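Here is a short report on one helix and its surroundings. Please look over the sequence and the fold first.

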Amino acid sequence: MVSPGLWRRVEAERRKRLEAVGELVREAQAQGLVRPDLDVDLWLVLLRTAVEEMVNPERVLREGLSAPRILDTLRKVLFEGILTDEGRKALARYREGRRKT
């Protein structure tokens, strides 16, 4: 079992990273890469809730799922779904560049 102190540190780091993600999404929205009709604050609540519910030791052990598998699915559903056509193209270019390195 994960110690409560360690898990509190994990959760604090998670909150910090989610705040940074929110800023990035707002910047991408201003650049036209994220749908203009997206309520970023509500999307962040959905993201935080999904991550907190799905990526925790009890869930991972009980469901037999790996954290990377869960995070990959969350990324596909919660990130790719908010992109504009231009945002999807930019993501594809980014992924292609990562494969070459």
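At the start of α2, which side-chain oxygen reaches to within 3.2 Å of the backbone nitrogen of D41? The oxygen belongs to D39. A polar contact here is a pair of N or O atoms within 3.5 Å; within protein, one must be able to donate a hydrogen and the other to accept it, and residues adjacent in sequence count only if both atoms are side-chain atoms.

This is a predicted model, in which local features need pLDDT of at least 70, side-chain atom pairs count only at pLDDT 80 or more, and totals for chains, interfaces and linings use all residues. Residues are numbered from 1 along each chain as its sequence is written, and side-chain values use heavy atoms, with hydrogens and water left out.

**Helix α2**

Helix α2 spans residues 40–54. Helices are DSSP runs (H or I, at least four residues), numbered from the N terminus. From first C-alpha to last, α2 reaches 21 Å, close to the 21 Å expected at 1.5 Å a residue. That expected span is 1.5 Å times one less than the number of residues.

V40, W43, L44, L47, A50 and V51 of α2 are buried. They lie on the same side of α2, because their arc around the axis is only 130°. The arc is taken from the directions from the helix axis to the C-beta atoms. Cover for these buried residues includes α1 (4–30) and α4 (67–79).

**The core**

A nonpolar core is a set of buried Ala, Val, Leu, Ile, Met, Phe, Trp, Tyr and Cys residues joined through side-chain atoms within 4.5 Å. The largest one has 17 residues, and V25, V34, L38 and W43 touch the most other members. α1, α2 and α4 each supply at least two residues. The largest share, six residues, comes from α2.

**W43 and its partner**

W43 touches V21, V25, L38, L78, F79 and I82, not counting residues up to four places away in sequence. Contact means heavy atoms within 4.5 Å. The ring centres of W43 and F79 are 5.2 Å apart and the planes are at 85°, so the pair is edge-to-face. Rings of Phe, Tyr and Trp (its six-membered ring) pair if their centres lie within 6.5 Å; planes under 30 degrees apart count as stacked, over 60 as edge-to-face and the rest as tilted. W43 in α2 and F79 in α4 are 36 residues apart.

**Accessibility**

Buried means under 20% relative accessible area, exposed over 50%, partly exposed in between (1.4 Å probe, protein chains only).

| Residue | Relative accessible area | Class |
|---|---|---|
| W43 | 3% | buried |
| F79 | 28% | partly exposed |
| R59 | 16% | buried |

R59 sits in helix α3 (residues 57–63). Its side chain makes a polar contact with the side chain of E53 (2.4 Å).
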